[in-house]
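Hello,

Here is the structure I promised to pass on to you. Please open it and keep it beside this email while you read.

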Amino acid sequence: MTIHDVVKRKLEAGQPLKICAPMVRYSSLPFRHLVKMYGCDLTFTHMILSDCFSKAQHARDAEFQYCESDRPLIAQFAATDPDHFSTAAKMIAPYVDGVDLNCGCPQRWAIKEGIGACMCKDPALISRIVKRCKAVNPELCVSVKIRIVDTIEETLDLARAIQDSGADFLTVHGRTIKERNVTPHFDYVKAIKDALSIPVFHNGGVYHPDEIQPALDQTGTDGVMCAQGLLNNPALFAGYPETPLKCVQDWIDIAVSYGTPFAIFKHHLVFMLDTVLPKHERRIFNNLSSTASVLDFLRRNFGIVYQNKLPGNDCDRAMKNGC
């Protein structure tokens, strides 16, 4: 099923698309597997540097893991060179359902490299990258994720340029490059949705199931993308107000079975258990230094025991690296 099919099916059913955002370190295959068990329709990889990915096999092996059931999936790339982006897209196309150009990352290192959110000030460059990719990969879904810029007029010019370049959909983070933890500018996102004919998705400010519909009502968008909200509660899209213990159980089964690095395995649990553990228990948990000690803590405190199997019924969850 293509991304277009997924979007069409949801819209025809009058349902918003629920998307897990690309997150550095956290949008790995195990976490994508988990959120799809709890109502997530579409996942993204973390941001991958297209120049490194297109040039080196070791980069492809390190940056991209997938399995046959890890669909639908969008691979997100950072790029300033149209050829690097289109080449990376061509390489990864057999294993994903689309590629996305990151024009939303506000981190200092990204801005210094000229990638991410600073690209929103250069619609012409974004257009060249998207056009080149569509020319090289005409059947591949190509999307862009942006932040808003200083005025609605500038933001609309950016969004229209992206649509005119041939992008299949657009995700809008309703904050500027300098804004952190403030209420998103829903009016900017709504203006974009009203001005475009391609699907538009809202990102930002959704941390609880009860915040999904108000965000959609205020923006009129075709779906919502969450990052921190899903880190805190991977079952958010399934309507759970906080992470259920069944989800924690599923995470340890998935993460340990896939051989997730300990730091990432534990960081996810820190997020998930934040509202569950008393302060003194959080201190104890934060000092644990091995997978064995974490599993023992979960067994003693919650009766959660590693099942030594992957949950779910999909026939092929064997991890593969690179492309």
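Below is what I found in it, topic by topic.

Some ground rules come before the tour. This is a predicted model, so to speak of a local feature a pLDDT of at least 70 is needed, side-chain atom pairs count only at pLDDT 80 or more, and totals for chains, interfaces and linings use all residues. Residues are numbered from 1 along each chain as its sequence is written, and side-chain values use heavy atoms, with hydrogens and water left out. Helices (H or I, at least four residues) and strands (E, at least two) are DSSP runs, numbered from the N terminus.

**Salt bridges**

Side chains of opposite charge can pair when their charged atoms come close. How many salt bridges does the structure hold? There are 15, where a salt bridge is a side-chain nitrogen of Lys or Arg within 4 Å of a carboxyl oxygen of Asp or Glu.

One of them joins the side chains of Arg71 and Asp97, at 2.8 Å from N to O. This pair links distant parts of the chain, 26 residues apart: Arg71 is in the loop between strand S4 (65–66) and strand S5 (73–78), and Asp97 is in the loop between helix H5 (82–92) and strand S6 (98–103). Asp97 counts as buried at 14% relative accessibility, while Arg71 is partly exposed at 33%. Those words have cut-offs: buried means under 20% relative accessible area, exposed means over 50%, and partly exposed is in between (1.4 Å probe, protein chains only). While you are at Arg71, look at its link to Pro72: a cis peptide bond joins the two, with omega about 0°.

Another salt bridge pairs Arg132 with Asp83, with the closest N and O atoms 3.0 Å apart. Here, too, distant parts of the chain are linked: Arg132 sits in helix H7 (residues 123–136) and Asp83 in helix H5, 49 residues apart. Arg132 is partly exposed at 39%, and Asp83 is partly exposed at 41%.

Lys121 and Glu154 also meet in a salt bridge, at 4.0 Å from N to O. Lys121 is exposed at 52%, whereas Glu154 is partly exposed at 36%.

Start with strand S8 (residues 169–173). In a regular strand the side chains alternate between the two faces of the sheet. Are the faces of S8 covered or open? Both are covered: Phe169, Thr171 and His173 on one side and Leu170 and Val172 on the other are all buried.

S8 pairs with strands on which DSSP finds at least two bridges, the cut-off for pairing. Strand S7 (residues 141–147) is joined to S8 by five bridges, and the two run parallel. S8 and S9 are also parallel, over four bridges. Val172 is a handy landmark, as Ile146 stands opposite Val172 and Val172 stands opposite His202 in S9. Strand S9 (residues 200–203) has both faces covered as well, with Val200 and His202 on one side and Phe201 and Asn203 on the other, all buried.

Arg175 is in the loop between S8 and helix H9 (186–195), and at 6% relative accessibility Arg175 is buried. Arg175 touches several residues beyond four places away in sequence, among them Arg147, Asn181, Gly204 and Tyr207; contact means heavy atoms within 4.5 Å. Asn181 lies in that loop between S8 and H9 too, but Asn181 is exposed at 74%. Asn181 also has a positive phi of about 55° although it is not a glycine.

**Two helices**

Finally, the axes of helix H12 (residues 245–258) and helix H13 (residues 262–272) come within 11 Å and cross at roughly 170°. That makes H12 roughly antiparallel to H13, a label for angles over 145 degrees.

Enjoy exploring!

Technical notes. Axes are lines fitted to C-alpha atoms, for helices over the stretch in contact, and angles run from 0 to 180 degrees between N-to-C directions. Angles under 35 degrees count as roughly parallel, over 145 as roughly antiparallel, 65 to 115 as roughly perpendicular and the rest as oblique.
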